[in-house]
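Here are my notes for you on this one. Keep the structure open while you go through the points.

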Amino acid sequence: LDTLEKWVTEIFSEIPNNCLPKPSFGHLTQPFDTPEFHKLYRVIPIRKVHSLSITWALPPQEQYYRVKPLHYISWLVGHEGKGSVLSFLRKKFWALALYGGNGETGFEQNSTYSVFSISVTLTDEGYKHFYEVWKYTFILFSVLYRIWEEIQKIEANEFHYQEQTDPVDYVESLCENMQLFPKEDFLTGDQLLFEYKPEV
């Protein structure tokens, strides 16, 4: 550690600190406020596959990192057990797979907006009932039960028992977290769920 500290000091101490706050683009509200984003698009695929994708452009979510609402919703959408959206659609022989979420990349989540998407891989029969699939996805999505505490425990276990990662990747991840979270959450801010706030 002493050697590493010496190297870091030698290499980085000459970099000037301009004492400026990190840039924010929060003033650029509603980047997708266009009529085209309230429409249905049909795209003919190259290979024979039927897929329904629903995408929402949301206000920035980074302030809710302790709640992680999009992560929670992703878990609910991806749930495959009894009473789930996918379970219902499979019983109807309308869908093969369903997933949703936010990639938490700079493109999908930043200080201007957040994107949340759901994608359903349809069967041929599901394609014929395209609008019903869309409707049931919304209906079942709105009545999914609360499993927040279960998700919190799973995420905590994955954090505490995670495999050792490549040191370079770990340092890169920490540096990114230093731009997003307060000091006490540098190590955990992108992984753990801290608070349950259904209104968020």
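1. Let's begin with one pair you can find on screen. Arginine 66 and glutamate 195 join their side chains in a salt bridge, with 3.0 Å from N to O. Side chains of opposite charge can pair when their charged atoms come close. Keep in mind that this is a predicted model.

2. Now zoom out to the layout.

3. How many residues of domain 1 are in contact with domain 2? Nine are, and they touch 16 residues of domain 2. Together, domain 1 and domain 2 bury about 1200 Å² between them, and carbon and sulfur atoms give 61% of that area.

4. What about polar links across the boundary? Between domain 1 and domain 2 there are two salt bridges and eight residue pairs in polar contact, counting pairs with both residues at pLDDT 80 or more. On the side of domain 1 that touches domain 2, the residues come out as four nonpolar, one polar and four charged.

5. The aromatic pairs number seven. One of them is tyrosine 65 with phenylalanine 181, a tilted pair with 4.7 Å centre to centre and 45° between the planes. Tyrosine 65 is in the loop between strand S1 (50–58) and helix H2 (69–78), while phenylalanine 181 is in the segment after helix H7 (167–180), so this pair ties together parts that are 116 residues apart in sequence.

6. Back to charges, this time over the whole structure, where a search turns up seven salt bridges. Among them is the one between the side chains of aspartate 124 and lysine 48, at 3.1 Å from N to O. Why does this pair tie together parts that are 76 residues apart in sequence? Aspartate 124 lies in helix H4 (residues 124–128), but lysine 48 lies in the loop between helix H1 (2–12) and S1, so the link spans that stretch of sequence.

Methods. Residues are numbered from 1 along each chain as its sequence is written. This is a predicted model: local features need pLDDT of at least 70, side-chain atom pairs count only at pLDDT 80 or more; totals for chains, interfaces and linings use all residues. Side-chain values use heavy atoms; hydrogens and water are left out. Contact means heavy atoms within 4.5 Å. Buried area is the accessible area (1.4 Å probe) that two parts lose on being put together, summed over both. A salt bridge is a side-chain nitrogen of Lys or Arg within 4 Å of a carboxyl oxygen of Asp or Glu. A polar contact is a pair of N or O atoms within 3.5 Å; within protein, one must be able to donate a hydrogen and the other to accept it, and residues adjacent in sequence count only if both atoms are side-chain atoms. Ala, Val, Leu, Ile, Met, Phe, Trp, Tyr, Cys and Pro count as nonpolar, Asp, Glu, Lys and Arg as charged, and the others, Gly among them, as polar. Rings of Phe, Tyr and Trp (its six-membered ring) pair if their centres lie within 6.5 Å; planes under 30 degrees apart count as stacked, over 60 as edge-to-face and the rest as tilted. Helices (H or I, at least four residues) and strands (E, at least two) are DSSP runs, numbered from the N terminus.
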